[in-house]
Amino acid sequence: MKVFKFGGASLESVERIKQVAQIVQSFPDDKLLIVISAMGKTTNELEKVAQNYFMRKREIAAQLLYNVEQQHIQVAETILGTRQHPLFQQLQQFFTEAEWTLGEKPIRAYDYYYDQLVGMGELLSTAIVSAFFNSVGLSNTWVDVRDVFRTDDNFRDANIDWAFTQKQVTEKVAPLFDTTNIVIAQGFIGSTDQNESVTLGREGSDYSAAVFANMLNAESQTIWKDVEGLKNADPKLFPNTVNIPEISYGEVIEMAYYGAQVIHPKTIKPLQNKQIPLLVKCFLDKNLPGTVIKEQADSRQLPPIIVLKRNQVLLTLTSKDYAFITEDKISDIYETFHRLKVKINLMQNGAITFSCCIDHNAEKIELLIKTLHNDFKISYHEGLELLTVRYDQDGLLENLSNHHTILLEQRSQVTVQRLLKK
């Protein structure tokens with residue numbers, strides 16, 4: 001049993017979907033649970049649908065949804081060569097569900113509607129890939145993961161009910177391999193006990209695959225990407241990146257924590273619990289060695305690891321009464337951030353100030369200011385970058401910080417973080 005995960009980049013064109021099929025065909029004797037993300041930039045497009053719907057711009061939302069529908073129908077028709085296929089009825093059902101949502105007035109929180117609309121991307125992509133696989137002789141069973149993954153109602157970052165989900169995997173998914181070698185399921189989504197769709201956090205398909213790997217006691221999990229393996233930095237942002245042949249679970253968790261968009265932060269623990277290796281492989285050339293992520297790996301062999309988070313905000317709270325910001329006040333501040341679901345990327349406090357770096361989200365920043373302004377004077381700076389370097393060498397950190405003002409800095413034995421302003 002192996003678990004494969006294919007991301008949006010591996011499905012962004014008909015040619016790439018055919019490449020995915022070729023990769024799967026090269027494992028004829030393996031039982032494969034395949035987790036698939038939304039195609040290309042579909043998630044981004046559906047986010048725009050959700051945003052416009054929530055802002056009461058229904059006509060714009062409906063047009064954007066129609067555009068997504070036509071894109072998927074065109075891909076399906078091209079890859080199957082006909083519209084006379086049951087797949088098109090299945091696709092239409094998904095879009096009808098979304099249209100029902102757009103027909104309602106938004107009376108609940110935005111995150112709820114986000115999950116009802118944005119999670120559709122994975123349902124569309126898996127339905128198309130499943131139909132295509134069957135058409136080329138890759139017999140498979142399509143599963144709606146919302147019938148398997150039970151979660152709480154923490155929309156946009158739902159938590160899995162492990163006991164119930166394990167029961168579902170054991171009773172509904174594992175027996176499918178008695179009659180087929182390939183099962184296709186969605187990443188990123190699940191369902192509450194009220195049958196409301198949820199998402200597991202942005203880029204959560206890696207995590208979905210890890211949950212399946214854990215519950216099916218898989219031999220390995222492979223994430224197929226459009227790079228040769230795990231890099232020491234984002235090649236879109238930095239030149240001369242190098243591939244990392246092997247790395248430990250712990251090191252990857254650190255990279256994800258600091259904001260590297262390589263592996264979803266929750267992915268590692270389900271694998272580490274059962275010592276399941278995680279492979280990062282290139283779907284453009286499956287023969288490249290890629291990267292192996294496992295329990296033990298020598299960090300002394302690692303190159304400098306660079307993570308850059310853009311579009312950051314520095315928020316500074318100052319006590320109005322000049323009282324020290326001690327444990328009780330920090331506890332109150334933390335509780336507010338937790339309640340409003342705002343993640344702190346870097347923080348520092350002085351006698352009467354508390355400063356933190358957060359992702360730019362105008363709505364949540366407004367809520368933070370509204371909630372905290374009675375006790376604190378609040379200032380913030382936008383348009384910043386958070387640079388993290390682990391295992392710095394040869395003056396790399398200073399070179400990357402050139403021509404920037406350092407607003408905040410933290411150092412540990414192997415890691416330096418700097419909040420930078422151009």
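Start by selecting aspartate 332, which counts as exposed because its relative accessibility is 51%. The word exposed is used for over 50% relative accessible area, buried for under 20%, and partly exposed for what lies in between (1.4 Å probe, protein chains only). Aspartate 332 sits in helix α11, residues 327-339. Helices (H or I, at least four residues) and strands (E, at least two) are DSSP runs, numbered from the N terminus.

Before you go on, keep in mind that this is a predicted model, where local features need pLDDT of at least 70 and side-chain atom pairs count only at pLDDT 80 or more, while totals for chains, interfaces and linings use all residues. Residues are numbered from 1 along each chain as its sequence is written, and side-chain values use heavy atoms, with hydrogens and water left out.

**Stop 1: a charged patch**

Which residues form a negative surface patch? Select Asp321, Glu327, Asp328, Asp332 and Asp375 together to see this patch. Patches are made of residues with over 30% relative accessible area and no salt bridge; like charges are joined within 9 Å, and nonpolar side chains (Val, Leu, Ile, Met, Phe, Trp, Tyr) within 5 Å. Asp and Glu count as negative, Lys and Arg as positive, and His and the chain ends are not counted. The place of a charge is taken as CG of Asp, CD of Glu, NZ of Lys or CZ of Arg. The accessible areas come from the Shrake-Rupley method with a 1.4 Å probe, and for residues, only the protein chains shown count as cover.

**Stop 2**

Now select lysine 343, in the loop between α11 and β12 (344-349). Lysine 343 counts as partly exposed because its relative accessibility is 45%.

**Stop 3: salt bridges**

Side chains of opposite charge can pair when their charged atoms come close. A salt bridge here is a side-chain nitrogen of Lys or Arg within 4 Å of a carboxyl oxygen of Asp or Glu. How many salt bridges does a search of the whole structure find? The search finds 23.

Select arginine 83 and glutamate 77, whose side chains meet in a salt bridge (3.0 Å, N to O). Arginine 83 is partly exposed, at 44% relative accessibility, and glutamate 77 is partly exposed too, at 32%.

Next, pick aspartate 144 and arginine 146, a salt bridge with the closest N and O atoms 2.9 Å apart. Is aspartate 144 buried or exposed? Aspartate 144 is buried, because its relative accessible area is 14%.

Then show arginine 418 and glutamate 409, where the salt bridge is 2.6 Å, N to O. Arginine 418 is buried, with a relative accessible area of 4%, whereas glutamate 409 is partly exposed, at 28%.

**Stop 4: residues with positive phi**

Select asparagine 217, in the loop between α8 (205-215) and β7 (220-225). Asparagine 217 is not a glycine, yet its phi is positive, at about 50°. Asparagine 217 is exposed, at 53% relative accessibility.

In that loop between α8 and β7 you will also find glutamate 219, which is partly exposed, with a relative accessible area of 48%. Show methionine 1 as well: glutamate 219 and methionine 1 are 218 residues apart in sequence and 5.7 Å apart in space, C-alpha to C-alpha.

Aspartate 394 also has a positive phi, of about 55°, although it is not a glycine. Look for aspartate 394 in the loop between β14 (376-390) and α13 (396-401); aspartate 394 is exposed, at 74% relative accessibility.

**Stop 5: an annotated span**

Finally, select residues 2-281, which UniProt lists as "domain: Aspartate/glutamate/uridylate kinase" in an unreviewed entry. UniProt positions are given in the numbering used here, feature names are shortened, and annotations may be inferred rather than shown by experiment. This span is 46% helix and 13% strand, and its end C-alpha atoms lie 14 Å apart.
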